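My entries follow in the order in which I made them.

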Amino acid sequence: MSETKFTPRVFSGIQPTNHLQLGNYLGAVKRFVEMQNSGIETIYCIVDLHAITVWQEPADLQRATRELAAGYIASGLDPEKSILFNQSQVAEHAQLGWIFNCVARMGWMNRMTQFKDKAGKDREKASVGLFSYPTLMAADILLYHTTHVPVGEDQKQHLELTRDIAAKFNNDFGVDFFPITEPVIEGVATRVMSLRDGSKKMSKSDPSDMSRINMTDDADTIAKKIRKAKTDPDPLPDHLDGLADRPEARNLVNIYAALSEATPQAVVTQFAGKQFGDFKPALADLAVAKLAPIANEMDRLMQDPAEIDRILAHGATRAHAIAAPILEKTYKIVGMVR
Ligand code: ATP
Ligand code: MG
């Protein structure tokens with residue numbers, strides 16, 4: 001299928017669970033802003049319907065939704081240039097999600113590793129929504145005929161499923177209707193790891209707050225978390241190859257590189273032979289310098305929740321205007337009487 005038929009359009013989303021963390025910022029939000037400023041049409045979503053696949057206290061969900069909107073804007077997202085809204089205000093997401101539940105196969109869904117990770121040992125007690133999460137995500141993306149989706153590395157498998165769903169829909173109905181979307185997983189921070197365990201990704205929902213840097217953390221908290229981050233006793237090598245078997249050290253170097261917009265090799269060259277006793281304070285200073293202005297701006301925006309709600313409602317109106325005709329055509333293709 002030729003992709004030229006579809007004009008370039010970017011969509012991505014983040015769940016309003018807990019607080020935005022550094023991995024979300026470096027792997028997602030920072031890149032969303034770059035794409036917005038590259039002139040391409042950009043649509044960014046707060047995926048509240050995804051958030052409730054695990055239990056959320058209603059008051060916390062409301063706070064996290066507004067806080068994530070504030071985080072997007074404080075990081076440089078411009079709600080006029082980009083479309084910014086929360087998913088539940090555009091009903092077409094759930095509607096197309098249902099169609100895709102009927103396109104995706106159980107065999108495909110059973111291979112999704114995020115479900116296995118999040119459901120844990122007691123799979124019988126996981127919500128049905130947690131299992132069908134990837135079909136709703138495919139709907140989020142394809143509802144806008146999205147061509148490019150910037151995400152972290154952990155979402156690669158869901159993007160592949162989205163492509164499979166688009167291809168099967170097109171093939172089943174003999175149409176060239178949904179694009180085969182390209183994942184955009186780029187940069188040194190596509191997988192920021194937990195500060196406590198170099199084999200686990202940093203996550204908003206990790207039970208340990210020490211495992212991550214929240215975008216709302218103050219300077220002392222950031223410094224403390226970096227000081228206590230798991231490392232090893234060796235000094236930093238002069239070449240990146242020396243970090244191959246040192247995941248925790250590699251992670252801190254990557255974070256430094258992403259925050260300073262340098263390459264990881266440039267960072268090890270700068271700190272070659274230094275102990276973590278020297279490197280960690282430098283990283284903490286850098287993190288505070290980059291993140292404190294964002295946290296302060298989030299704080300300021302959160303003082304006016306009515307303004308945030310107004311921005312989200314405005315974004316939802318714009319998103320709906322794109323989504324409604326695409327859903328309508330989808331229903332017609334499927335054979336629904338309209
Ligand atoms: P949760 O624990 O609730 O799943 P999360 O931190 O994984 O939260 P998501 O809302 O699931 O955040 O993901 C939002 C975006 O951030 C996605 O594009 C995802 O790939 C990216 N992302 C999440 N964690 C990381 C990470 N550690 N490094 C880089 N990107 C990440
Ligand atoms: Mg996640």
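**Ground rules.** I am working with a predicted model, in which local features need pLDDT of at least 70, side-chain atom pairs count only at pLDDT 80 or more, and totals for chains, interfaces and linings use all residues.

**Helix 4 and helix 13.** I take helices as DSSP runs of H or I with at least four residues, numbered from the N terminus. I looked up helix 4 (residues 92-101) against helix 13 (residues 305-334), and found an angle of about 25° with the axes 10 Å apart; axes are lines fitted to C-alpha atoms over the stretch in contact, and angles run from 0 to 180 degrees between N-to-C directions. On the helix 4 side the contact (heavy atoms within 4.5 Å) is made by E92, Q95, L96 and I99, and on the helix 13 side the residues include H320, A323, L327 and Y331. I sorted the contact residues into seven nonpolar, three polar and one charged, with Ala, Val, Leu, Ile, Met, Phe, Trp, Tyr, Cys and Pro as nonpolar, Asp, Glu, Lys and Arg as charged, and the others, Gly among them, as polar.

**Helix 3 and helix 12.** For helix 3 (residues 58-74) and helix 12 (residues 276-302) I noted axes that come within 8 Å and cross at roughly 130°, which makes helix 3 oblique to helix 12. This crossing is right-handed. Among the residues in contact are R63, R66 and E67 of helix 3 and E297 of helix 12, and the classes here are seven nonpolar, one polar and four charged.

**Helix 1 and helix 10.** In the contact of helix 1 with helix 10, L22, L26 and K30 meet I255, A258 and L259.

**Ligand 1.** Which residues come nearest to ligand 1? Of the 23 around it (a heavy atom within 4 Å), I noted K118, D154, K201, K204 and S205 as the nearest. Polar side-chain atoms lie 2.6 Å from a ligand oxygen atom for D154, 2.7 Å for K204 and 2.8 Å for Q21.

Conventions
Residues numbered from 1 in each chain as written. Chains lettered and ligands numbered in written order. Heavy atoms only, no water. Helix = DSSP H or I, 4+ residues; strand = E, 2+ residues; numbered from the N terminus. Polar contact = N/O pair within 3.5 Å; in protein donor to acceptor, adjacent residues only side chain to side chain. Parallel < 35°, antiparallel > 145°, perpendicular 65-115°, else oblique. Left-handed = near helix turned anticlockwise from the far one by under 90°.
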